[in-house]
Amino acid sequence: MSIVEFKLDPWSHVMIKDYEKLFQYFGIRPFNEVINKLKSVAEPHYLMRRGIIFGHRDFDRVVDAIIRGERFAVVTGLMPSGKMHFGHKMVIDQVIYYQRLDAEIYLVIADIEAYNVRRISRDDAINIALRDYVANYIALGLDKKNLHLYFQSNYKIKYYRLIQLIPRKLTLAELRAAYGEDIDVGKVISVITQIADILHPQLKDLGGFKHIVVPVGPDQDPHIRLTRDVAQRFNDELGLTPPSSTYHRFMSGLDGGKMSSSRPESYISLNEDPATAVQKLMKAFTGGRATAEEQKKLGGEPEKCVVYEFYAYHLIPDDEELRRAYLDCKLGNVLCGECKLKAAELLTKYLIQHNDRYEKALPKVSEYVEMPDF
Ligand code: TRP
Ligand code: SF4
């Protein structure tokens, strides 16, 4: 496959099978080249230690800033469309990690993108954002400390001024090259808005220069590349500098494809009732063999297994315990039925606990974010 065929489209639902290509074609760097440096100042997140966060651009600059005790900020966001599932949770887990390292947090509710690209109504976007996203963020442990949590449609005037200035630094040819010939006006507005999301914390009146890291999935990389170019082009005029970024692997869907909020069979939501969640999990594709005999002989393939992903990405925080689960599978000590039962038990426990925190979080939503009036 050539670079021409291998495109990243932030709005399609393709699965990325070959993460190596992202290094080769797009210049994303392997995360393991910066993890030791990070270790010198902070314990890396388990998603980093486990290679789930696999790539970066200029993350070493952020680590240097942490080492020198300089200010740094995190910018990321999610679209309020559909339920918040375990794939989305990874983004917020990272935000909380950086918040505990004293970062300033800019967390975007991409309601304008949801409206223009996903055609979600204003009412739906607002309700979904508050009920399915913000309340879950709080339940996951997001704090009010150093937090700017905002709707793209309801924010500071200087952010909107930046949105109005960005077009001068972009050409239609560039947008077509990045997003395809058929890019439409709604996508253009979403891209420009996202560029402003990432760059506005560096505006002079909003605190001025600071190191920025954007933790995202690799589908967002076209936005990141464009944002880095735009920052450069504003360097003289507004003093903006290119942000850093990190990239995490997507979770696989339970039904074989990508985990996607448009297919409820593919995901488990953070607010799923435990019985339904367990049902979905028990039906999931695994890395098991055709027969029990074969599996005892050859072992399973955890690297191809969604159940194992649930362990590694969410359910087993302890590295040693995860290693045991990996080896038990690999050596054929455990069969998928038994393994799924253990995952179901951990998942049920998690969901019940999360639901408790969610119920307590719901009434606090308005303390965290200001709601647009239409
Ligand atoms: N486009 C992102 C998504 O599809 C949401 C988003 C909006 C975002 N602004 C951002 C992500 C800024 C990272 C940084 O979910
Ligand atoms: Fe997946 Fe567990 Fe089966 Fe291994 S034993 S393939 S981890 S379900």
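**Ring pairs, helix packing and buried residues**

Me: What links F31, F59, F72, Y97 and Y98 into a cluster?
Reply: Ring pairs link F31, F59, F72, Y97 and Y98; rings of Phe, Tyr and Trp (its six-membered ring) pair if their centres lie within 6.5 Å, with planes under 30 degrees apart stacked, over 60 edge-to-face and the rest tilted. This is a predicted model, in which local features need pLDDT of at least 70, side-chain atom pairs count only at pLDDT 80 or more, totals for chains, interfaces and linings use all residues, and side-chain values use heavy atoms, without hydrogens and water. Residues are numbered from 1 along each chain as its sequence is written, while chains are lettered from A and ligands numbered from 1 in the order in which they are written.

Me: How many aromatic pairs does a search of the whole structure find?
Reply: The search finds 16 aromatic pairs. One of them is formed by W11 and Y179, with 5.4 Å centre to centre and 45° between the planes.

Me: Are W11 and Y179 buried or exposed?
Reply: W11 has a relative accessibility of 8%, and Y179 has a relative accessible area of 8%. Buried means under 20%, exposed over 50% and partly exposed in between (1.4 Å probe, protein chains only), so W11 is buried, and so is Y179.

Me: How do you know that R119 counts as exposed?
Reply: The relative accessibility of R119 is 74%, which is over 50%, so R119 is exposed. R119 is found in the loop between α6 (111-116) and α7 (122-140), and its phi is near 60°, a positive value in a residue other than glycine.

Me: What makes helix α15 largely enclosed by the rest of the structure?
Reply: In α15 (residues 306-315), 10 of the 10 residues are buried, so the helix is largely enclosed. Its buried residues, including Y308 and E309, pack against α3 (46-49), α5 (86-100), α13 (274-283), α16 (319-330) and α17 (336-361).

Me: Why is α5 called roughly parallel to α15?
Reply: The two helices pack at an angle of about 25°, with their axes 11 Å apart. Angles under 35 degrees count as roughly parallel, over 145 as roughly antiparallel, 65 to 115 as roughly perpendicular and the rest as oblique, so α5 is roughly parallel to α15. In this packing, F86, K89, M90 and D93 in α5 meet F310, Y313 and H314 in α15, contact meaning heavy atoms within 4.5 Å.

Definitions and conventions. Helix = DSSP H or I, 4+ residues; strand = E, 2+ residues; numbered from the N terminus. Axes fitted to C-alpha atoms, helices over the stretch in contact; angles between N-to-C directions.
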